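Here is a protein model to read from the inside out. Look at the chain first, then follow the report.

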Amino acid sequence: MKVMLMDPPRFMGHPIGRILGSFGTNKADQAWPPYDLQIMAGYCRKNGHDFRLLDANNLKLSYEDVFNEIKIYSPDWVIYLTCFPNFILDAQTASAAKRADRNIKTACMSLSIYSVQSPEVQLSKLPDLDFIAWGEPEVPLMQLINGLEPQKVKGIYYRDADGRINFTGESQKAVNLDDLGVPVHSVLPVNIYKCPVSLSRPMTIVNCSRGCTNWCVHCQAGAFQRPVRYRSVDNVLEELREIKSLGIKEIKFYDCSLPTNAEFTKQLCSRMISEKFGFTWNCNARAEMLNEDLLKIMKTAGCHSISIGCESSDPQVLKNMRKNETPQQIEDAVRLVKRMGMRVLMYLTFGLEGETKKTMEETYKFAKRLKPEFVTFGIVVPAPGTPFYNSLEKKGQLRNKDLEWQDPNAMPSFSYPALSPEEILNFTRAAYRSYYFDTGYILNRIRTLRSFTEFKAGVTNALKMARRYILERVK
Ligand code: SF4
């Protein structure tokens with residue numbers, strides 16, 4: 001079979017982060033490869049299918065371009081990545097496929113597909129979309145590609161010959177990640193990918209695990225990707241060897257928290273050291289998973305930065321969101337990483353339950369005091385199906401259920417009695433301006449620059465931030 005895997009075009013000119021269950025427009029000047037499709041490509045390779053992977057999102061292609069590319073490749077299947085806010089818009093990919101050839105089968109996939117509400121209704125409104133993979137997508141999609149009849153494939157919504165929408169029941173959950181083969185990098189234009197935290201380029205993403213040990217109320221990974229699983233170290237190394245052969249120099253390990261499995265992380269690092277890959281890399285981590293021993297070996301293996309999910313400095317907000325961490329643990333982790341000579345990105349989130357003007361100000365001051373090299377000030381998005389969404393709905397605090405506009409950079413779709421959406425948005429935007437356009441911050445960043453790639457990324461990100469948080473108006 002010929003399978004075309006597609007990350008659909010942008011939304012109103014903004015690149016969309018759809019990978020590994022994420023959603024929303026990019027905050028910074030970044031372009032990450034469509035990793036879910038690379039996993040699917042590896043699975044196609046393992047099953048002996050021909051495939052093509054088109055990253056229309058980062059290549060800035062239009063739907064007309066997508067149509068032309070489908071025509072040229074003439075696949076049996078078009079499978080595209082989606083995310084819940086863009087679910088309807090992304091279905092234009094299915095329409096482009098059917099316009100190219102009515103016989104092409106179309107399907108969409110996302111690790112956060114459970115946030116798409118009423119999938120049977122949605123599918124009935126999208127006549128060009130044949131299948132929605134419901135849950136972990138790889139196994140059901142591969143069974144379909146391999147020719148199994150839809151009614152025998154668990155984990156799909158599909159339209160039968162009479163036009164009725166059917167659901168085949170929950171799919172096999174918790175696939176063994178090694179069974180999916182090894183994600184493919186060689187079919188992508190590796191030079192277009194970039195990340196503000198990178199020290200070198202070309203860069204790429206590698207994901208070693210699925211899910212998170214925690215269950216924060218707003219997080220889809222915590223809610224939908226259970227239980228936590230890691231690939232084997234050998235499987236990851238096979239991928240790293242391909243990456244090395246392509247001349248890629250930097251990796252973002254995009255896991256909820258790589259060091260959560262300390263044994264895996266140590267083994268991976270020792271093998272990276274013994275195989276002398278020479279990559280520079282960074283990863284995400286939960287604060288309490290970091291310790292000096294682990295950071296030491298990570299640093300020796302090339303790790304230069306850690307992104308820590310901090311969210312808030314307010315103990316009650318952290319408690320409400322079930323972060324299962326204290327502000328002190330977060331502060332200790334940030335200080336430890338810096339002491340080890342590595343850089344820190346703090347992910348902060350405004351608008352969680354219990355948030356007030358005062359807690360937002362305190363959280364901002366917390367970041368200023370800890371001086372991370374990078375910080376993001378996101379606005380929490382109530383993703384349908386999460387406890388946060390359910391709680392807002394129950395309390396009548398959801399103002400707008402229009403999925404298209406759910407974005408961590410846009411006007412919040414919820415409102416609290418003592419904190420309006422406008423106040424949250426304005427505070428967030430002001431926080432970006434004041435943190436990144438502070439003379440002390442700029443001088444410090446220049447003083448600690450480690451590479452020309454870092455310098456260039458700093459300049460392009462400053463321009464992007466100025467455009468987004470100073471010049472652009474948000475409704
Ligand atoms: S720790 Fe991070 S990845 Fe895990 S559930 Fe919370 S927000 Fe999600």
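## Ground rules

This is a predicted model, in which local features need pLDDT of at least 70, side-chain atom pairs count only at pLDDT 80 or more, and totals for chains, interfaces and linings use all residues. Residues are numbered from 1 along each chain as its sequence is written, and side-chain values use heavy atoms, with hydrogens and water left out.

## Two domains

The protein chain is divided into domain 1 (2-167) and domain 2 (195-471). These bounds come from an automatic or database domain assignment. The C-alpha centres of domain 1 and domain 2 lie 27 Å apart. Domain 1 puts 30 residues into the contact, and domain 2 puts in 35 residues. Contact means heavy atoms within 4.5 Å.

## Nonpolar cores

In soluble globular proteins, nonpolar side chains tend to be buried together. A nonpolar core is a set of buried Ala, Val, Leu, Ile, Met, Phe, Trp, Tyr and Cys residues joined through side-chain atoms within 4.5 Å. Buried means under 20% relative accessible area, exposed means over 50%, and partly exposed is in between (1.4 Å probe, protein chains only).

The largest nonpolar core has 119 residues. Which of them touch the most other members? They are Leu240, Phe253, Leu268, Trp281, Ile306 and Ile308. Domain 1 and domain 2 both give residues to this core, so it lies between them. A second, separate core has 37 residues, including Ala100, Tyr114, Leu126 and Ala223.

Now take isoleucine 308. Leave aside its neighbours within four places in sequence. Isoleucine 308 is then in contact with Ala285, Ala287, Leu290, Ala333, Val334, Val337, Val344, Leu345, Met346 and Tyr347.

## Cavities

A search of the whole structure finds four cavities of 30 Å³ or more. On a 1 Å grid over the protein atoms alone, a cavity is a set of points where a 1.4 Å probe fits but cannot get out, and lining residues have an atom within 4 Å of a point. Grid points are joined across faces, edges and corners, and a volume is the space filled by probe spheres set on the points.

The largest cavity has a volume of about 90 Å³. Its lining includes Tyr35, Ile39, Gly42, Arg210 and Arg231. Helix α1 (residues 35-46) gives the most to this lining, with three residues. Helices (H or I, at least four residues) and strands (E, at least two) are DSSP runs, numbered from the N terminus. By class, the lining has six nonpolar, four polar and two charged residues. Ala, Val, Leu, Ile, Met, Phe, Trp, Tyr, Cys and Pro count as nonpolar, Asp, Glu, Lys and Arg as charged, and the others, Gly among them, as polar. Where does the largest cavity lie? Both domains give residues to its lining, so the largest cavity lies between them.

The second largest cavity has a volume of about 70 Å³. Among its lining residues are Leu111, Tyr114, Glu136, Lys173 and Arg226. The lining divides into four nonpolar, two polar and three charged residues. Domain 1 and domain 2 both contribute to this lining too, so the second largest cavity lies between them.

## Two serines

Is serine 198 buried or exposed? Serine 198 is buried, with a relative accessible area of 1%. It sits in the loop between β7 (165-167) and β8 (203-206). Beyond its neighbours within four places in sequence, serine 198 is in contact with Met203, Glu250, His304, Arg343, Thr453 and Glu454.

Serine 274 is in helix α9 (residues 262-274). Serine 274 counts as exposed, at 52% relative accessibility.

## Backbone details

Two cis peptide bonds deserve a look. One joins arginine 201 and proline 202, with omega about 0°. Proline 202 is in the loop between β7 and β8. Another joins arginine 226 and proline 227, with omega about -10°. Proline 227 lies in the loop between α7 (220-224) and β10 (229-230).

Now check phi. Glutamate 311 is not a glycine, yet it has a positive phi of about 70°. Glutamate 311 lies in strand β13 (residues 303-311) and is buried, with a relative accessible area of 9%. Lysine 371 has a positive phi near 50°. Lysine 371 lies in the loop between α13 (357-370) and β15 (374-379) and counts as exposed at 54% relative accessibility.

Conventions: 1 Å grid on protein atoms, 1.4 Å probe; cavity = no way out; pocket = protein on both sides within 12 Å on 5 of 7 lines; lining within 4 Å.
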